[in-house]
Amino acid sequence: MTAAISVTGLRKAYGDHTVLDGIDLHVPRGTVFSLLGANGAGKTTTVKILSTLVGADAGDIRVEGHDVTREPDAVRAAIGVTGQFSAVDKLLTGAENLRLMADLNQLPRGEGRERVTRLLERFDLTTAAGKPAGTYSGGMTRRLDLAMTLIGSPRVIFLDEPTTGLDPRSRREVWQIVRSLVAGGVTIFLTTQYLEEADELADRIAVLDGGRIVAEGTPGDLKRRIPGGHVRLGFADERRLSAALRVLGDATREDDSLALRVPSDGSLTALKTLIGRLDERAVEVGELSVHTPDLDDVFLALTDRKAASR
Ligand code: ATP
C-alpha cells in the first residue's frame, strides 16, 4: 500500500547551515504522525518541503505517491496546510473566508456553497458565520482555519503547531476535530511543541534534533526507552508485602503505604515475567499499576544526550 508520506535521505541547508541532514520518514495512510523538535530544529522547514513550498537539496520525497519535485501540482491537490499563522482574513466574515477558499479550489458554485454550509455546521460556526473573523476568539479562528483547509477535501493535512496559543478547552476541540478527520481516513502530519498533544494524538512520533531523527516510535515505545519507569504493586497487608519483597529483591518500599516499586520498562514481557515470579510463590497482589516516564522526560533525555555528545 502506498504510504501517505514517504521520505528518504532528505537534506536541506540554508547557506552553510545544515537544517536537515538526511531524514527518513514513513507515514501510513489514516494515521497521525508527530514531528517534535525544539525551536529551530527544522520542523517548519520539513513541512514546507513536504507541502512543496520549499525545495529540498536532496532526497526522495513522496506525498500520496507523488514526487514533490516532479509532480508538485498533484501533491498540492492532495494536501491541506494549516500553519502557525492562520490564513483567515480578519476583515471577511467566517462564511466569506470559506467561500473564498471554495473559489480558490475552483469548486463549482453549488457544490462550494453546500460544502461551506456543512463545514460551518461541523465546526460549530453557523451562528458566527456572518460576523467578521476579526471578532472571533482564538479557538473559533483556529476552527475556521481548519475548516478552510478542509474545503478542498485533502487526503493529507499538515498541522504546524495547530494549538499554540489556545486555551485548554479550545485545544481539546481541535484534538477532537483531528480525531474525527483520522477516523474518516485522512492522514495528519503534526508538529507541536506540546508533548501532551503528541501523546494524545500521534500514532507515531519522531524527534528531530541536530538535523536528524534521533528517535522514532509510538509514544509508548519512546517512554519505555527512558529510565525511571516502574511498576507499583499494592498489597492487602504487611505479610504479603514482605513476601513479595523477598521474591523480587530489587523492589523498594513506598513510604507509609503497603506498596512496592519495581523498576520496569512497563512492557508486556516485563509485566508477564514479574507476575509469573509472584504467582510461582503464591504471593497475592492487590493492585498493579504501570508508571512510564512522560514525553517531557523522553524529549529532555534525548535532546540533552545529543547536546552532551556534540
Ligand atoms: P520553530 O518551532 O521555532 O518554528 P522549527 O523547528 O520549525 O522551529 P524551522 O523554522 O524549520 O524550525 O527552522 C530551522 C532552521 O532553519 C532555523 O535555524 C532557521 O533559522 C533556519 N531557516 C529557516 N528558514 C530559513 C531561510 N529562509 N533562510 C535561512 N535560514 C532559515
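In helix 1, the buried residues are Lys43, Thr45, Thr46, Val47, Ile49 and Leu50, where buried means under 20% relative accessible area, exposed over 50% and partly exposed in between (1.4 Å probe, protein chains only). That makes 6 of the 8 residues of helix 1 buried, so this helix is mostly covered. Helices (H or I, at least four residues) and strands (E, at least two) are DSSP runs, numbered from the N terminus. Before going on, please keep in mind that this is a predicted model, in which local features need pLDDT of at least 70 and side-chain atom pairs count only at pLDDT 80 or more, while totals for chains, interfaces and linings use all residues. Residues are numbered from 1 along each chain as its sequence is written, and side-chain values use heavy atoms, with hydrogens and water left out.

Now look at the ligand. It is surrounded by 13 residues, and the closest are Gly40, Gly42, Lys43, Thr44 and Thr45; a residue belongs here if one of its heavy atoms lies within 4 Å of the ligand. Helix 1 (43–50) and strand 2 (17–27) each supply at least two residues of this shell, and the largest share, 3 residues, comes from helix 1. Just after helix 1, threonine 52 takes a positive phi of about 70 degrees.

Several polar contacts (pairs of N or O atoms within 3.5 Å) can be picked out. In the side chain of threonine 45, an N or O atom is 2.5 Å from an oxygen atom of the ligand. For alanine 41, a backbone N or O atom lies 3.1 Å from a ligand oxygen. The side chain of glutamate 161 has an N or O atom 3.3 Å from an oxygen atom of the ligand. On its own the ligand has 640 Å² of accessible area, of which the protein covers 61% (Shrake-Rupley method, 1.4 Å probe).

Let us move to helix 6 (residues 168–183). At 1.5 Å a residue, its 16 residues should span 22 Å, and its end C-alpha atoms are 23 Å apart, which agrees; the expected span is 1.5 Å times one less than the number of residues. Buried in helix 6 are Ser170, Arg171, Val174, Trp175, Ile177, Val178, Leu181 and Val182. They cover an arc of only 160 degrees around the axis, so they sit on the same side of helix 6; the arc is taken from the directions from the helix axis to the C-beta atoms. On the other side, Pro168, Arg169 and Ala183 are exposed. The cover over the buried residues includes strand 3 (32–37), helix 4 (109–122) and helix 5 (138–150), with contact meaning heavy atoms within 4.5 Å.

Methods
Polar contact = N/O pair within 3.5 Å; in protein donor to acceptor, adjacent residues only side chain to side chain.
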